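Colleague: Hi, could you walk me through this model?
Modeller: Happy to, here it is.

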Amino acid sequence: MLLTKSIGNLNIKVSKNTYEFYYPCEDPSECTDYVVDIPAGRYKVESYGASGGYSDDHISAFQDPSNNNKCSEDIVLQFKGNAKCRKYASMGGSGGYVSGILSLTNTTCAYIMIGGHGQYVTPTSVVEDPYLKENMIPGGYGGGGFAIRYYSLNAPGSASGGSRTALMINEDDIFHSILVAGAGSGTDNAGGFYRKEMMEAVVVAVI
């Protein structure tokens, strides 16, 4: 079930002993968490953080600065991610991935927060007081960083950050988080348009 039912709709894929929880809301910056009673057992849990906002194609898998900015799509595919390897300047960040084994001796209440992705916005004119929060681009649900609405004649546009995706036990707060996938940053990149190409989810499999 959802913690606040009026905000979103269940977005869960079930396949045999695997449960995939996806972002349940339309608004990337306003949402709610899943509430799940997990029976006693042993589970593999995978978590995917949300990407930051970005303009056309300007997002990439991790690039290793110590190895000529090399990145491998094979590693991304190995963990069922969907970020491509692109070598552009001023890119938004793709979300992180983490997994772990969860062992429970009794039925436990868990909260699953699927992070919202960042948003790319291209203003059509100068924004007054761009650093006031009410004038900024909101970050993804769950703690994504805000961004100013940057405008210039040659390079308008900016993007907010994505949010972490987290599994929490017993209480719905950061102090009870046991598995957290980090999020991607926003960008100052100019031009283009915002396009979804991220995966934010929690996968729980009985093992």
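What follows is a chat about confidence, the core and the cysteines.

Modeller: This is a predicted model, so to speak of local features we need pLDDT of at least 70, and side-chain atom pairs count only at pLDDT 80 or more, while totals for chains, interfaces and linings use all residues. Residues are numbered from 1 along each chain as its sequence is written, and side-chain values use heavy atoms, leaving out hydrogens and water.

Colleague: What pLDDT does the chain average?
Modeller: The average is 82, and 76% of the residues score at least 70; pLDDT is the predictor's confidence in each residue, from 0 to 100.

Colleague: And where does pLDDT stay under 50?
Modeller: Over residues 191–198. Where pLDDT is low, the predicted coordinates should not be read in detail.

Colleague: OK, new topic: how many residues has the largest nonpolar core?
Modeller: It has 22, and Leu-102 and Leu-167 have the most contacts inside it. Such a core is a set of buried (under 20% relative accessible area, 1.4 Å probe, protein chains only) Ala, Val, Leu, Ile, Met, Phe, Trp, Tyr and Cys residues joined through side-chain atoms within 4.5 Å.

Colleague: Which element gives the most to this core?
Modeller: S8, with four residues; strands are DSSP runs (E, at least two), numbered from the N terminus.

Colleague: What about disulfides, how many are there?
Modeller: A search of the whole structure finds one, joining Cys-25 to Cys-31 with S to S 2.0 Å; the cut-off for the pair of sulfur atoms is within 2.5 Å.

Colleague: Why is the disulfide right-handed?
Modeller: Because the torsion about the S-S bond of Cys-25 and Cys-31 is about 80°.

Colleague: Are those two buried or exposed?
Modeller: Both Cys-25 and Cys-31 are buried.

Notes: Buried < 20%, exposed > 50% of the residue type's maximum accessible area, 1.4 Å probe, protein only. Contact = heavy atoms within 4.5 Å.
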